[in-house]
Amino acid sequence: MSNNDLAIVILAAGKGTRLKSSLAKVLHRAGGRTLVEHIVRSCEPLKARETVVVVGHQAEQVAAVVEPLGALTVLQQPQNGTGHAMQVAKRSLSRAKFAVVLPGDAPLVHTETLKALIAAHHNGDAAATILSAVLADPSGYGRVVRKSETAVSAIMEESQLSADQRDINEINSAIYCFTLEKLWPALAQVKPNNKHREVYLTDAIAVLSSKGETVRAQVAPDSREVLGCNTRADLAEVDRVFREWKRNSLMDAGVTIQLPETVLIDPDVVAGEDTILEPGVQLLGKTRIGARCTIRTGSVLTDAMLGDDVIIEPHCVVAQSRLDGRVIIGPFARLRPDNHLKAGARIGNFVELKNSTIGEGTKAMHLSYLGDTKIGTKSNIGAGTITCNYDGFHKYPTSIGNKVFIGSDTALVAPVRVGNGAYIAAGSTITENVPSDGLGIARGRQVNKPGWAAKIRRELAATEKPKKKTAKKSKRRKATKKRK
Ligand code: UD1
Ligand code: MG
């Protein structure tokens, strides 16, 4: 079978009633992607002549996910069952001889398993080859009814099972390879003989078998690959499997993960050798982490880029930012998008950064907000420094040079520049540029009044004492009166 004879059909028009959701089932996420995106991606290496996604519920949103990945969409309206969905796809499959058909809600299948299914179909010269799996608990799935060790006679949906078929634990994954010239006439004979009055693709199997066509079932090597997502519990289970596989692949690549089941990693994340992930870490989006980094407990990194030997102390939040080698941040640091922390920079507790560049070896260790700010090398930003970058209408930049010392509790009212080697006195509100090597001081002068506090205390004591005594005396008088 050449790839030019092969089409992929993904059935993704259903609503997913059992999820009880306003979002179409295939747009739900597991393992960091929508269900349907996982499936299109797994099929990509098969290099089929076309990939057709049957859409219906929230068709536009589903198309917006799959079309950028190179898939075509065809609209099924109304959704009269999986067999009907396949009939709708027919008009887009003009020249393909074979089709791999997949449901949009079983996203764990591996490309290698699909390749093996196609090979089995080819070698068995079959009209249909079903990917099946043996499950300890087959409930909810259609069952594969075999007439011999190699041949299948039917797929029975759970609602259609007879008493003796209930023990069958080989299930239909709803992933098949069909020879299309055999499928179309069989599908035309399928009647909507079920309580939903739908045309089931599964019923085409019995028609093919009764016509004497070869129908085979190929058992998946890992039964988890065929798990479908009909309920929220299914979604959680599929997500768990994706996350486990991702963690295992990073551990295989030399990453240490402590209490792995507590660590959540998206599919595109990469991390270098000897990096350590502590419990409760989340690495999301396109995060890339170098070698020998430590990401400590409770930190969440989204689209972050870390060099080598970076330390993220506990409970940091980092989004769309670049941290070069040997940077240390946190605990409790928040990096909003578009920061660049250069080698050896240090950001401490309760420091928030937004769209800022922190030069090599520069430190901002405590309780600061630095937004739209560029800082040179080896500067020190004192505790409580705030850049006032927003006047309620526009944002303005702050520029701080090399080897600058910003005293604690400084407000830098942007736009403003502080030259190389300059000092800012603690507690200043800086509204004008500070020249290189100068001192910027902008605060009220202190006045000391000797003896002021003692004098006040004396005055207060003099006015308060007599009052207290009279109050006590009158109370005592009342008490003696009562006793009498
Ligand atoms: C289906 C199979 C069942 C199998 C199970 C595996 C049928 C009748 N049953 O059941 O044998 O064990 O998958 O997970 O096929 N869809 C459409 N148009 C429709 C109806 C459904 O595109 O009119 C799509 C859905 O969006 C979904 C897929 O087909 O992605 C499967 O439909 P679903 O309702 O999930 O079928 P199951 O009950 O899981
Ligand atoms: Mg399903």
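**Pockets and ligand**

Author: In the lining of the largest pocket, the largest share comes from β10, with four residues; strands (E, at least two residues) and helices (H or I, at least four) are DSSP runs numbered from the N terminus. This is a predicted model, in which local features need pLDDT of at least 70 and side-chain atom pairs count only at pLDDT 80 or more, while totals for chains, interfaces and linings use all residues. Residues are numbered from 1 along each chain as its sequence is written, chains are lettered from A and ligands numbered from 1 in the order in which they are written, and side-chain values use heavy atoms, with hydrogens and water left out.

Reader: How much space lies in the largest pocket?

Author: A pocket is an open set of points on a 1 Å grid over the protein atoms alone, where a 1.4 Å probe fits, with protein on both sides within 12 Å along at least five of seven lines, and its lining residues have an atom within 4 Å of a point. A volume is the space filled by probe spheres set on the points, which are joined across faces, edges and corners. For the largest pocket that space is about 1200 Å³.

Reader: Which residues that line the largest pocket are the closest to its centre?

Author: The lining divides into 13 nonpolar, 18 polar and eight charged residues, where Asp, Glu, Lys and Arg count as charged, Ala, Val, Leu, Ile, Met, Phe, Trp, Tyr, Cys and Pro as nonpolar, and the others, Gly among them, as polar. Of the 39 residues that line this pocket, the closest to its centre are Arg18, Lys25, Thr82, Glu198 and Asn230.

Reader: Which polar backbone atom is 2.7 Å from an oxygen atom of ligand 1?

Author: Ligand 1 takes up the space of the largest pocket. A polar side-chain atom of Arg18 lies 3.1 Å from one of the ligand's oxygen atoms, a polar contact being a pair of N or O atoms within 3.5 Å. The polar backbone atom 2.7 Å from an oxygen atom of ligand 1 belongs to Gly81.

Reader: Which element gives the most to the lining of the second largest pocket?

Author: About 280 Å³ of space lies in the second largest pocket, and among the residues closest to its centre are Phe242 and Trp245. Both α1 (35-43) and α7 (232-252) supply at least two residues of its lining. The element that gives the most, with five residues, is α7.

Note on methods. A polar contact is a pair of N or O atoms within 3.5 Å; within protein, one must be able to donate a hydrogen and the other to accept it, and residues adjacent in sequence count only if both atoms are side-chain atoms. A molecule sits in a cavity or pocket if more than half of its atoms lie within 2 Å of its grid points.
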